[in-house]
Amino acid sequence: MARSSIRMSAEERRESVVRAAMIEFARGGYRGTSTEAIARRVGVSQPYLFRLFPGKQAIFEAAAERCVEETWRVFDEASAGLTGEAAADAMSGAYLGLVEDRDQLMMQMQLYVSVFAARAAGEEGIGESARRLWEDLFDRVRIRIGGDMKDATRFFAHGMLINTLVALGYPPDHRMWTGLDGCEGTE
């Protein structure tokens with residue numbers, strides 16, 4: 001009897017690596033995550049991993065880009081056709097749903113921490129990539145809500161507070177959530 005085998009294309013395998021890397025980096029950070037752990041999660045060998053990506057930094061940057069792009073996708077879908085405060089409110093509400101995925105949230109947080117750690121070790125590549133991704137997301141949101149820098153800054157400050165409350169595990173009914181306009185915590 002002939003075995004049926006479903007072979008993944010290099011692009012499909014690359015996608016699997018990015019998804020696995022997001023989980024591994026979210027949980028272990030850049031320095032604490034081995035390429036071996038990523039390869040194991042995907043079910044490939046490390047040499048194959050390095051045929052898809054030139055190194056660990058490239059894998060991290062692809063995972064970071066996916067994380068930021070997923071954030072924008074959620075913002076874009078929630079605020080399609082809206083501007084100003086209505087767009088900001090729609091994106092804020094959608095963000096609460098997005099950060100319920102702890103791996104997504106922790107990947108964001110690890111991105112920020114990894115820039116600091118890499119810089120302390122004399123490595124600038126991760127920081128350059130992360131700042132480019134952050135600025136692009138900031139500008140997309142700024143334009144969607146009307147172009148004002150102060151409004152965009154307030155939006156992101158609000159989001160960082162949400163990140164902090166979710167990462168620290170505050171339950172939805174905790175008093176720390178009450179200062180967020182119209183926000184209820186997430187579980």
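How many cavities of 30 Å³ or more does the count come to? By the rule used here, the count comes to one, and one of the views below looks into this cavity. This is a predicted model, in which local features need pLDDT of at least 70 and side-chain atom pairs count only at pLDDT 80 or more, while totals for chains, interfaces and linings use all residues. Residues are numbered from 1 along each chain as its sequence is written, and side-chain values use heavy atoms, with hydrogens and water left out.

View 1. Welcome to the overview: the chain has eight helices and zero strands. Helices (H or I, at least four residues) and strands (E, at least two) are DSSP runs, numbered from the N terminus. The C-alpha atoms fill a box of roughly 60 × 50 × 35 Å along the principal axes. Of the 187 residues, 42% are buried, where buried means under 20% relative accessible area, exposed over 50%, and partly exposed in between (1.4 Å probe, protein chains only). Among contacts (heavy atoms within 4.5 Å) with a separation of 6 or more, 60% join residues 24 or more positions apart.

**View 2. The largest nonpolar core.** A nonpolar core is a set of buried Ala, Val, Leu, Ile, Met, Phe, Trp, Tyr and Cys residues joined through side-chain atoms within 4.5 Å. The largest one here has 53 residues, and Phe25, Met107 and Val141 have the most contacts inside it. At least two core residues come from each of α1 (10-32), α2 (35-42), α3 (46-52), α4 (56-79), α5 (84-98), α6 (102-120), α7 (125-144) and α8 (149-167). The largest share, ten residues, is supplied by α4. Look around Met107: leaving aside neighbours within four places in sequence, its contacts are Met22, Phe25, Ala26, Phe60, Ala63, Ala64 and Cys67.

**View 3. Inside the largest cavity.** On a 1 Å grid over the protein atoms alone, a cavity is a set of points where a 1.4 Å probe fits but cannot get out, and lining residues have an atom within 4 Å of a point. Grid points are joined across faces, edges and corners, and a volume is the space filled by probe spheres set on the points. The volume of the largest cavity is about 200 Å³. It is lined by 18 residues, and Tyr95, Gln108, Trp134, Leu137 and Phe156 are the closest to its centre. Two or more lining residues come from each of α4, α5, α6, α7 and α8, with the largest share, seven residues, from α8. By class, the lining has twelve nonpolar, six polar and no charged residues; here Ala, Val, Leu, Ile, Met, Phe, Trp, Tyr, Cys and Pro count as nonpolar, Asp, Glu, Lys and Arg as charged, and the others, Gly among them, as polar.

View 4. A salt bridge is a side-chain nitrogen of Lys or Arg within 4 Å of a carboxyl oxygen of Asp or Glu, and the structure holds 15 of them. Glu24 and Arg41 form one, at 2.6 Å from N to O. Glu24 lies in helix α1 and Arg41 in helix α2, 17 residues apart. Glu24 is buried, at 16% relative accessible area, whereas Arg41 is partly exposed at 38%.

**View 5. Arg31 and Glu123, a helix paired with a loop.** The closest N and O atoms of this salt bridge are 3.5 Å apart. Arg31 sits in helix α1 and Glu123 in the loop between α6 and α7, 92 residues apart. Arg31 is partly exposed at 46% relative accessible area, and Glu123 is partly exposed at 30%.

Conventions:
On a 1 Å grid over the protein atoms alone, a cavity is a set of points where a 1.4 Å probe fits but cannot get out, and a pocket is an open set with protein on both sides within 12 Å along at least five of seven lines; lining residues have an atom within 4 Å of a point.
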